[in-house]
Amino acid sequence: MAKWVYSFGDGKAEGNAEMRNLLGGKGANLAEMSSLGIPVPPGFTITTEVCSYFYDNDRTYPADLSDAVNEAMAEIEQTLGNQFGSHENPLLVSVRSGSRASMPGMMDTVLNLGLNDQTVEALARNSGDNRFAYDSYRRFIQMYGDVVMGIDHHYFEDILEDHKDDHGFALDTDLTGDDWKFVVENYLAMVERTLGIAFPQDPKEQLWGAIGAVFGSWMNDRAITYRRLQNIPADWGTAVSVQSMVFGNMGDDCATGVCFSRNPSTGENAFYGEYLVNAQGEDVVAGIRTPQPLTNAERHATESELPSMEETMPEIYGDLLAVRDNLERHYKDMQDMEFTVQQNKLWMLQTRNGKRTVKAALKIACDMVDEGLLTPIEAVLSVDPAQLDQLLHPALDPDGERRMIGRGLPSSPGAASGRIVFSADDAEDWTSRGENIVLVRIETSPEDITGMHVSEGILTTRGGMTSHAAVVARGMGKPCVSGAGDLRVDYESKTLLCMGQTLGEGDVITLDGSTGDVFLGAVATIQPELTGDFGRLMGWVDEVRTMSVRANAETPQDAETARKFGAEGIGLSRTEHMFFDPERIIHMRQMILATTEAARRTALDKLLPYQREDFASLFRIMDGLPVTIRLLDPPLNEFLPHTEEEILDVAKSAGVDAKVVKIRRVELDEANPMLGHRGCRLGITYPEIYEMQARAIFQAAALLAKDGKQVEPEIMIPLIIDKPEFDMLKEVIDRVAREVETDEGIKLAYLVGTMIELPRACLRAGVIAETAEFFSFGTNDLTQTTFGFSRDDATPFLDVYHAKGVLADDPFMTLDRDGVGELVKIGVERGRAVRPDIKLGICGEHGGDPASVRFCQEIGLDYVSCSPFRVPIARLAAAQAALDLGAKSN
């Protein structure tokens with residue numbers, strides 16, 4: 001028989017902190033605190049399994065739930081000596097939500113439940129305070145009316161404000177008991193007038209109404225949005241905790257507050273928080289009264305004129321300090337706590353691991369190691385890898401003035417301001433004059449790379465989190481907001497229409513790539529700070545990590561950034577990005593326009609010196625670390641011009657008629673370029689392209705080898721479907737290597753492998769591994785070809801899929817274990833079965849996603865590769881995966 005309800009209080013509990021999946025974080029921690037002997041008002045928790053039942057059965061409850069709730073309520077009554085619904089000594093309760101993951105403010109709460117026209121009089125008699133009783137009753141009517149009955153809170157606020165205005169009251173605390181009684185009468189009349197039904201007077205009806213509202217709030221809009229942003233599965237559900245009320249609003253010997261065991265902004269080991277005398281919990285966060293500092297140190301630091309709890313309630317403060325120390329030692333983490341003081345007795349209402357800035361997270365982890373609370377391994381496990389993004393990019397100053405003009409997807413973190421430009425050429429022109437710019441495009445393509453490189457940030461109106469703009473921006477460490485669909489770009493007039501306002505070239509905007517927000521004008525930013533705590537934690541990370549982390553990099557700047565962040569090589573160098581420089585693109589276009597092999601070779605000979613220096617620069621910076629170079633991948637039409645003006649320029653430079661350029665463009669246009677003439681198919685059709693690139697690689701390697709540098713390039717052939725393709729191109733590469741060895745009089749060390757990015761290649765991995773020396777799984781394209789989704793066009797329906805539960809995650813952000821992951825596992829198993837020492841890694845965007853990194857650890861990959869700015873995230877995620885999986889196997 002299922003157990004639906006777990007009781008806690010009076011120094012004992014049926015649950016504990018390990019049961020958060022069943023009891024939610026709040027219920028599990030209330031049970032744990034109760035077992036620790038910490039003063040917790042008695043109550044009970046209805047499990048998350050009831051939430052699942054509720055939604056699976058048309059919002060109904062298990063048949064035996066009512067009896068279980070009644071039994072648990074009777075336990076509270078026995079403990080306290082009060083009775084739920086009694087007109088003499090009433091028990092009042094709170095009803096709160098509690099998911100296994102913290103979702104602050106996203107779901108509903110009801111306080112003071114059990115009050116009605118009779119029990120309020122009993123509360124007044126028993127407390128001797130008419131004002132307190134009717135203040136509590138009006139709070140309950142307002143909260144229950146809003147949360148359960150659906151009456152907008154402004155109806156209640158209007159009644160209260162009108163009464164205050166009529167009597168010249170400035171603050172709620174100015175109202176007397178008779179005033180609150182008058183407000184209550186008006187609240188009740190308004191409810192009946194608005195809904196046509198009376199406010200419920202039966203406490204049991206109130207209780208089940210509140211329980212249903214809390215379960216119902218699991219699917220409210222704000223909770224759904226929060227879960228989507230925080231990757232919290234909808235099927236987790238919420239628990240409901242019903243707890244006896246304690247009152248912080250009974251007089252000056254009462255208070256309520258929120259505190260943190262350490263400073264959540266800086267991580268400093270200093271008690272931190274605020275409280276209000278004669279108040280209930282919602283008053284602290286509502287802003288109606290100014291909260292008071294908890295400690296004298298806070299009071300002095302903020303120059304507050306309000307007295308601290310340390311001064312006004314020294315004994316209670318001492319009790320709270322002892323609880324803080326007890327809970328932090330027990331949980332081995334910084335705690336976020338809520339408390340109430342009722343008639344000089346402290347009660348704890350909640351504790352949870354506190355949210356903190358990444359700077360604070362690192363300091364807390366390191367300090368707790370020094371204090372003996374954590375081991376270095378526990379410190380590594382205590383920091384959220386995704387949080388490190390905050391540390392590596394500028395952020396908007398929280399005090400800076402801002403005016404939002406649009407919102408898109410937070411595709412690459414960081415913040416930047418600059419003048420609007422609409423093309424790569426204009427971006428270069430404006431920056432050459434010393435201006436900071438933001439590149440605004442409908443969507444970007446590889447030919448925008450130079451403009452993206454010089455811009456402070458990128459804004460697009462189309463595309464998703466894994467669009468071209470997003471991927472390239474993350475690699476460059478630049479903020480990007482993509483898919484801002486409410487904005488309109490007009491290239492011809494060079495204007496951006498946003499929220500009814502038209503902005504032109506040169507107008508200043510600010511992007512917040514961490515939130516997706518777009519602001520008018522320049523907003524102040526705060527520069528990131530890599531503290532000694534970061535280096536210390538990453539030192540522990542690298543001691544336990546077993547999987548290497550490389551970076552995707554093709555420019556010297558990318559490579560240097562990658563080294564700075566601890567990359568152990570380059571896992572993907574996209575050679576196509578090297579061809580868009582103005583000095584090179586003309587030769588690339590001449591090669592594409594050539595009609596004979598000899599003419600193509602002539603153009604490629606002009607590109608060879610540039611490529612040789614590109615690779616030599618990467619080899620120098622990596623200083624003996626592996627460098628994986630992907631040979632040309634995109635279709636050739638991506639290098640051809642689009643506009644009439646560009647076509648004329650190219651024709652003139654190439655010495656051909658503009659018609660030739662247009663005809664060639666038509667010839668190369670494809671209905672589906674992603675599945676067209678690209679990757680190794682180009683190398684087989686035009687082997688001279690890969691021949692030139694291989695020669696440039698080997699000549700660069702020879703150049704460094706003569707200087708005594710160790711270089712071992714890994715040459716990667718893209719988009720292979722089977723062994724014959726691979727062998728054909730490996731033969732070209734090996735031949736060129738022998739030629740360079742003869743020319744330079746040295747022996748070259750190198751590997752030739754392939755990028756596995758098609759389902760067929762995964763299935764044929766065993767055969768391909770007979771000659772391929774490494775596999776790098778290109779999970780961006782493997783995801784596209786497995787799902788049949790275009791990553792640039794899938795965002796609108798992926799949002800719908802997520803909302804309707806078809807997909808739990810965006811498969812372009814977090815690797816799809818069941819489909820794409822299964823193909824990768826097949827490729828790994830079949831490749832290693834034939835070549836046990838084959839080197840295996842991934843180089844898609846998933847290489848910087850913590851959940852995907854964990855999957856790579858599980859299946860035994862040798863390395864992951866990601867954008868340079870995500871290298872620390874991948875290092876930490878890999879260490880945590882190694883520790884977690886190692887612990888599970890022992």
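Start by selecting helix α3 (residues 65-80), which lies across β1, β3, β6 and β8 and runs at about 160° to β3. Helices (H or I, at least four residues) and strands (E, at least two) are DSSP runs, numbered from the N terminus. The angles run from 0 to 180 degrees between N-to-C directions, with axes fitted to C-alpha atoms, for helices over the stretch in contact.

Before moving on, know that this is a predicted model, where local features need pLDDT of at least 70 and side-chain atom pairs count only at pLDDT 80 or more, while totals for chains, interfaces and linings use all residues. Residues are numbered from 1 along each chain as its sequence is written, and side-chain values use heavy atoms, with hydrogens and water left out.

Next, show the sheet itself. It is an open sheet of six strands in the order β2-β1-β3-β8-β6-β7, with antiparallel pairing. The edges belong to β2 (12-13) and β7 (109-113); each has a single partner strand, so one side of each has no neighbour in the sheet. Two strands pair here if DSSP finds at least two bridges between them.

Now pick β6 (residues 93-99), which pairs with β8 in the antiparallel sense over seven bridges.

Is Asn249 buried or exposed? Asn249 is buried, at a relative accessible area of 1% (buried is under 20%, exposed over 50%, partly exposed in between, using a 1.4 Å probe and protein chains only). Its side chain has a polar contact of 3.4 Å with that of Ser136. Such a contact is a pair of N or O atoms within 3.5 Å; within protein, one must be able to donate a hydrogen and the other to accept it, and residues adjacent in sequence count only if both atoms are side-chain atoms. Leaving aside neighbours within four places in sequence, Asn249 is in contact (heavy atoms within 4.5 Å) with residues including Phe132, Arg139 and Gln280.

Last stop: Arg630, in strand β29 (residues 627-630). Arg630 counts as buried at 7% relative accessibility. Which side chain makes a polar contact with the side chain of Arg630? Select Glu576, at 2.4 Å. Not counting residues up to four places away in sequence, Arg630 also touches Met716, Pro718 and Met755, among others.
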